[in-house]
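Biologist: Before I rely on any label in this model, I would like to hear the criterion behind each one. Could you take me through them?

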Amino acid sequence: MTLAGQGTGRKRKTRGEPAAAAGVPDASELLAWYDRHRRTLPWRVRPGEQPDPYRVWLSEIMLQQTTVKAVAPYYARFLERFTTV
């Protein structure tokens with residue numbers, strides 16, 4: 001049995017220590033990983049494209065208490081009926 005925080009194999013960052021030394025990935029590495037592995041979703045645009053605030057706002061509202069899988073068909077039907085605010 002181990003105490004909380006012990007035996008996890010994680011190195012804790014100390015004050016003044018660079019993030020990379022603590023095993024924290026650089027932000028550019030995380031963004032590059034995200035660009036390679038992100039899901040294609042109706043409200044998400046490709047890098048360099050301008051997102052539609054209405055579609056993003058609508059997805060945020062619909063996703064508050066459920067999953068992407070459950071929302072997708074409702075989202076599509078809603079946009080067919082209400083294309084703009």
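**Criteria and values**

Modeller: In the protein chain, residues 24 or more positions apart account for 30% of the contacts with a separation of 6 or more, a contact being heavy atoms within 4.5 Å. This is a predicted model, in which local features need pLDDT of at least 70 and side-chain atom pairs count only at pLDDT 80 or more, while totals for chains, interfaces and linings use all residues. Residues are numbered from 1 along each chain as its sequence is written, and side-chain values use heavy atoms, with hydrogens and water left out.

Biologist: How many helices and strands are there in the protein chain?

Modeller: There are 3 helices and 0 strands, where helices (H or I, at least four residues) and strands (E, at least two) are DSSP runs numbered from the N terminus.

Biologist: How do you know that the span of helix H3 agrees with its number of residues?

Modeller: The expected span is 1.5 Å times one less than the number of residues; for the 14 residues of H3 (residues 68–81) that should be 20 Å, and the end C-alpha atoms are 20 Å apart, so the two agree.

Biologist: Why is isoleucine 61 called partly exposed?

Modeller: Buried means under 20% relative accessible area and exposed means over 50%, with partly exposed in between (1.4 Å probe, protein chains only). Isoleucine 61, which lies in helix H2, has a relative accessible area of 39% and is therefore partly exposed. Arginine 44, in the loop between helix H1 (27–37) and H2, also counts as partly exposed, because its relative accessibility is 29%.

Biologist: Which residues does arginine 44 touch, not counting those up to four places away in sequence?

Modeller: Arginine 44 touches Tyr34, Arg38 and Arg39 on that count.

Biologist: What makes up the largest nonpolar core?

Modeller: A nonpolar core is a set of buried Ala, Val, Leu, Ile, Met, Phe, Trp, Tyr and Cys residues joined through side-chain atoms within 4.5 Å, and the largest has 8 residues: Leu41, Trp43, Tyr54, Leu58, Val68, Val71, Tyr75 and Leu79. The elements that give two or more residues to this core are H2 and H3, and H3 gives the most, with 4. Helix H2 (53–62) is included in what covers the buried residues of H3.

Biologist: Which residues does tryptophan 43 contact, leaving aside its neighbours within four places in sequence?

Modeller: Tryptophan 43 is in contact with Arg55, Val56, Ser59, Leu63, Val68 and Tyr75.
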